Amino acid sequence: MKTCIRNAVLAVTAVSVAVALAACGQSGENAVGGRSGGPSIGLLVPDAVTPRWETDDRPLLEKKIKELCGDCKVVHANARGDVATQQQQVDSMITRRVDALVLVAVDARALSSAVGKAAGAGIPVIAYDRLSEGPISGYVSFNGQEVGRLQGRALLRAMDERGHGDEIVMINGDPTDPNAVAFKEGALSVLRGKVKIGKMFDTPMWRSDLANMSMSGAIADLGADHIDGVYSANDALASGIISSLRANKISPLPPVTGQDADLGGVRRIVDGEQYMTVWKPFQPEAAAGAAMAVAAARGESLDPMATGKVSNRSEKAVPAVLLTPVAVTADNIKDTLVKGGVYTIQQICIPRLRAACDKAGLTG
């Protein structure tokens, strides 16, 4: 798996260099901190609930776009989880006449008409992390079904280590997010026939408070003694789930999965509250997204940088870069997230976790 990640990063780096070379020699002054008259790229993220969009993806995309295209201007907006707001933001990007649009859709299906309007205005749309419907020009993400398979395998392994019970609660992500659907399908492909799914919930807008309510409902319906594991689609949901388990005085906690390698999730793993997360290295994803956006803004083909093709419900196959996710448990935090430069030991091992960090081999 490490080889796959290294190859993906190398491929993206090669593409980025090619795009950077193509960007050299362009004229004009940047409207913000450089030459103007260069291409403008819209960047629309879906919400502020999931930390990654504003703390990781947006700054990484903006930085990489600037590295590849010194005269490019990036126009950013956050939909705050509202479909209508994001539709208006797409309209604004069309009015601004941006040269390309990077879109993380709040709702892939609901945004299809907005994607069509952008494409009709001659603006190529790069679907980032979530496969949008409508006439997109390219797609960058991770293999969603593999994310679910990693979560499912880890949950089975954790339950097997405990040696009793086979009933789980499954708390999935937002059903309007194609990624959530892929995670669920991947997990079920591993879990079906091996565990009993006592309760299953979807979680609109990936809200941790709704995950908390779902978990509390499952505990009330099934009873604390009949919950041997919890499939959580990401770390934000895991936070709400674990809060519910704690509030209902369930001890020991059943193994809980996660995704995104949020700092809070990593600390919960070290502390023994959460069993695992899935790391999707943001740097190669942002590098690929930036390379596609710059190439599209320049009117260049996206095929040279693609690793394959994908199709959505409303469009023919388009160039895509699909990267490899990595499962993270307490045993490999140092070899994955720390060595990967995501977090330092000091960030993870706050004073209250010192003993747990020693036990996990992160300190000393």
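How many residues stand between strand 10 and strand 11 in the hairpin that they form? There are 2 residues between them.

## Basis of the description

The structure is a predicted model, in which local features need pLDDT of at least 70 and side-chain atom pairs count only at pLDDT 80 or more, while totals for chains, interfaces and linings use all residues. Residues are numbered from 1 along each chain as its sequence is written, and side-chain values use heavy atoms, with hydrogens and water left out.

## The chain as a whole

The secondary structure of the chain comes to 13 helices and 12 strands, where helices (H or I, at least four residues) and strands (E, at least two) are DSSP runs numbered from the N terminus. Buried residues make up 52% of the 364 residues in the chain; buried means under 20% relative accessible area, exposed over 50% and partly exposed in between, with a 1.4 Å probe and protein chains only. Of the contacts with a separation of 6 or more, 72% are between residues 24 or more positions apart, a contact being heavy atoms within 4.5 Å.

## Pairing around strand 11

Strand 10 (residues 308-312) pairs with strand 11 in the antiparallel sense over 4 bridges, where two strands count as paired if DSSP finds at least two bridges between them. Within this hairpin, Val-310 has Val-318 of strand 11 as its bridge partner.

Strand 11 (residues 315-323) is also joined to strand 5 (residues 138-142), by 4 bridges, and these two strands run parallel. Here the bridge partner of Phe-142 is Leu-323 in strand 11.

## The open sheet 7-6-8

An open sheet is formed by 3 strands in the order 7-6-8, with parallel pairing. Strand 7 (196-201) and strand 8 (229-232) stand at the edges with a single partner strand each, so one side of each is left without a neighbour in the sheet. The twist averages 20° from one strand to the next. Strand 6 (residues 167-171) is joined to strand 7 by 5 bridges, and Glu-167 stands opposite Lys-196 in strand 7.

Helix 5 (residues 144-162) packs on the sheet and touches strand 6 and strand 8, its direction making about 165° with that of strand 8. Helix 8 also packs on the sheet, touching strand 6 and strand 8, and its direction makes about 145° with that of strand 8. For such values, axes are lines fitted to C-alpha atoms, for helices over the stretch in contact, and angles run from 0 to 180 degrees between N-to-C directions.

Helix 5 packs against helix 6 (residues 178-191) at an angle of about 40°, with the axes 6 Å apart. Helix 5 and helix 6 are therefore oblique to each other, given that angles under 35 degrees count as roughly parallel, over 145 as roughly antiparallel, 65 to 115 as roughly perpendicular and the rest as oblique. Their crossing is right-handed, which is to say that the near helix is turned clockwise from the far one by less than a right angle. Among the residues in contact are Val-147, Arg-149 and Leu-156 of helix 5 and Phe-183, Glu-185 and Val-190 of helix 6. By class, this contact has 7 nonpolar, 7 polar and 3 charged residues; Ala, Val, Leu, Ile, Met, Phe, Trp, Tyr, Cys and Pro count as nonpolar, Asp, Glu, Lys and Arg as charged, and the others, Gly among them, as polar.

Ala-180 lies in helix 6 and is buried, with a relative accessible area of 5%. Leaving aside neighbours within four places in sequence, Ala-180 is in contact with Gly-173, Asp-174 and Trp-206. Ala-180 and Asp-202 are 22 residues apart in sequence, and their C-alpha atoms are 9.0 Å apart in space.

## Two further helix pairs

The axes of helix 7 (residues 208-222) and helix 8 (residues 235-247) come within 7 Å and cross at roughly 40°, and the two helices are therefore oblique to each other. The crossing of helix 7 and helix 8 is right-handed. Residues making the contact include Met-215 and Ile-219 of helix 7 and Leu-237 and Ile-241 of helix 8, and the contact divides into 7 nonpolar, 6 polar and no charged residues.

Helix 2 (residues 52-68) and helix 10 (residues 282-297) have axes that come within 8 Å and cross at roughly 50°, which makes helix 2 oblique to helix 10. This crossing is right-handed. In the contact, residues including Asp-56, Leu-60 and Lys-64 of helix 2 meet residues including Phe-282, Glu-285 and Val-294 of helix 10; the residues of this contact divide into 10 nonpolar, 2 polar and 5 charged.
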